[in-house]
Amino acid sequence: MKYCSTCGGSLTTELVDSRPRLVCKSCNHVHYINPIPAVAAIIEQQSSVLLVKRAVEPGKGDWCLPGGFIETGETIAAATVREVKEETNLECRILGILDACSNLGTIYGDIIVVCYIVEILSGEPKAGDDAIDLGFFKEDNLPRLAFRCHTRFLAKFWGRNLDSSMHG
Ligand SMILES: [Zn+2]
């Protein structure tokens, strides 16, 4: 970011709250950069979990849990239901929260991913939006996953012990 999104003035880096931050030279607005909230959904049927194959970077061609970024004005749960519908064509409802995970330094910056366990209400699985394929996979037959957080969510869902480096 080079220019102030509030007034269009040029930005400079200053220490604010002991961290280097972008500050506007004209209006003094401090441009805080925070992690972006995202969601992921675990949908299980007959001991298999629904994954989608990614059509876009990051992780193009790899697989992941259905999910995406939360829109402004949308709750975390509503974002999860919407993303599942967009990527899998399934209507679902939230059963409960599984975990949250930080994914630092992505092409979008830092991301916080909240993972819900959801249940299918209706619909036939069909890949859409950012997904080019989908399928149900058992724990011993997982394809390559695009995101470390999703690997962690699945390990927790299946009750596996996690390496301490996976926390956070
Ligand atoms: Zn400004």
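Q: What makes strand 2 and strand 3 a hairpin, and which residue in the turn has a positive phi?
A: In this predicted model, five residues lie between strand 2 and strand 3, and the two strands form a hairpin. The turn residue with a positive phi is Asn28, at about 65°.

Q: Why are strand 2 and strand 3 called paired?
A: Pairing requires at least two bridges between the strands, and two bridges join strand 2 to strand 3 (residues 30-31), so the pair meets the requirement. The two strands run antiparallel, and Leu22 has His31 in strand 3 as its bridge partner.

Q: Why is Asp133 called neither buried nor exposed?
A: A residue is buried with 20 or more other C-beta atoms within 10 Å and exposed with 12 or fewer; Asp133 has 13, which falls in between, and is therefore partly exposed. Asp133 belongs to strand 10 (residues 131-138).

Q: What makes Asp133 and Lys53 a contact, and how far apart are they in sequence and in space?
A: A contact needs C-beta atoms within 7 Å, and Asp133 touches Lys53 as well as Ala127, when residues up to four places away in sequence are not counted. In sequence Asp133 and Lys53 are 80 residues apart, whereas in space their C-alpha atoms are 5.0 Å apart.

Q: How do you know what share of the contacts joins residues at least 24 apart in the protein chain?
A: Among contacts between residues at least 6 apart in sequence, 60% join residues at least 24 apart.

Q: What divides the protein chain into domains, and how many Å separate their centres?
A: An automatic or database domain assignment gives the bounds, with domain 1 covering 1-33 and domain 2 covering 36-158. Taken over C-alpha atoms, the centres of domain 1 and domain 2 are separated by 34 Å.

Q: What makes up the protein chain as a whole, in helices, strands and buried residues?
A: The protein chain has two helices and 10 strands, running from the N terminus as β-β-β-β-β-β-β-α-β-β-β-α. Of its 168 residues, 26% are buried, and along the principal axes its C-alpha atoms fill a box of roughly 60 × 35 × 30 Å.

Technical notes
Residues numbered from 1 in each chain as written. Predicted model: local features only at pLDDT ≥ 70, side-chain atom pairs only at ≥ 80, totals over all residues. Helix = DSSP H or I, 4+ residues; strand = E, 2+ residues; numbered from the N terminus. Contact = placed C-beta atoms within 7 Å.
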